[in-house]
Amino acid sequence: MNNGVNVVDMYALSGAGSRPGQAVRLVGRVDVRTVGTLRSLLHAAIDNGSGPLRVDVAELELGDHAALGVLLGGARRARAAGRSMVLVDVPSALGRMFAADRLGRLLRFEESTELVHVGHA
């Protein structure tokens, strides 16, 4: 069992058939003890990249609602930096949390089939 959240992949999106930007895949459990790590990782990805940021959350497990605020804050930070942030491959449990809290209208979502992995950063 993973007791924290990690970035397992961060890469630029480019080339034929893909949109420009950056993608990051987050893996692990997020709760009140590890939400600071999620915030730091997300802010680093936003601050050190350009173009749209696609955040793959397929393997991100939320232990409580603490991470929802961080994801919303990340979307706001991305907008302030002239970027956009899209959550990719949102698990059904996380999708239900967004729907219950009516946060789905504040965040953008995509299916993972739209991502093309072109290398590691």
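**Entry 1**

I looked up Glu59 to begin with, and it is partly exposed, with a relative accessible area of 46%. Residues are numbered from 1 along each chain as its sequence is written, and side-chain values use heavy atoms, with hydrogens and water left out.

Which residue forms a salt bridge with Glu59? I found Arg25, with the closest N and O atoms 3.3 Å apart. The pair links distant parts of the chain, as Arg25 sits in strand 2 and Glu59 in strand 3, 34 residues apart. Arg25 counts as partly exposed too, at 27% relative accessibility. A salt bridge here is a side-chain nitrogen of Lys or Arg within 4 Å of a carboxyl oxygen of Asp or Glu. Helices (H or I, at least four residues) and strands (E, at least two) are DSSP runs, numbered from the N terminus.

**Entry 1: the other salt bridges**

I noted five salt bridges in the structure. One of them joins Asp31 to Arg29, with 3.8 Å between the closest N and O atoms. Are these two buried or partly exposed? Asp31 counts as buried at 7% relative accessibility, while Arg29 counts as partly exposed at 23%.

Next I checked Arg77, which forms a salt bridge with Asp47, the closest N and O atoms being 2.8 Å apart. Arg77 lies in helix 2 (residues 66–80) and Asp47 in helix 1, so this pair ties together parts that are 30 residues apart in sequence. Both ends came out partly exposed: Arg77 at 31% and Asp47 at 44%.

**Entry 2: the strands**

Why is strand 2 (residues 21–30) largely enclosed by the rest of the structure? Eight of its 10 residues are buried, so that is the reason. Eight bridges join strand 2 to strand 3 (residues 53–62), and the two run parallel. For pairing, the rule is that DSSP finds at least two bridges between two strands. I picked out Val24, which stands opposite Val55 in strand 3, and Val30, which stands opposite Leu62 in strand 3.

From strand 2 the chain crosses through helix 1 (residues 35–47) to strand 3, and this β-α-β crossover is right-handed. Right-handed means that, with the strands pointing away from the viewer, the path from the first strand over the helix to the second runs clockwise.

Strand 3 has seven of its 10 residues buried, so the rest of the structure largely encloses it. Four bridges join strand 3 to strand 4, and these strands run parallel. Strand 3, helix 2 and strand 4 make a right-handed β-α-β unit.

**Entry 3: the core**

Which residues touch the most other members of the largest nonpolar core? Out of 26 residues, I wrote down Leu42, Leu53, Val55, Leu62, Met85 and Leu87. A nonpolar core is a set of buried Ala, Val, Leu, Ile, Met, Phe, Trp, Tyr and Cys residues joined through side-chain atoms within 4.5 Å. Strand 2, helix 1, strand 3, helix 2, strand 4 (85–88) and helix 3 (92–100) each supply at least two residues of this core. Helix 2 gives the most, with seven residues.

Not counting residues up to four places away in sequence, Leu53 touches several residues, including Gln22, Val24, Leu42, Ile46 and Met85. Contact means heavy atoms within 4.5 Å. Met85 is also the bridge partner of Leu53 in strand 4.

Then I looked at Leu72, found in helix 2 and counted as buried at 11% relative accessibility. Leu72 and Met85 are 13 residues apart in sequence and 9.6 Å apart in space, C-alpha to C-alpha.

I checked pLDDT, the predictor's confidence in each residue, from 0 to 100. The chain has a mean pLDDT of 75, and 71% of its residues reach 70 or more. Over residues 13–17 pLDDT stays under 50, and the model has 12 contacts there beyond four places in sequence. Residues 114–121 are also below 50, with 22 contacts in the model beyond near neighbours in sequence. Where pLDDT is low, the predicted coordinates should not be read in detail.

Methods: Predicted model: local features only at pLDDT ≥ 70, side-chain atom pairs only at ≥ 80, totals over all residues. Buried < 20%, exposed > 50% of the residue type's maximum accessible area, 1.4 Å probe, protein only.
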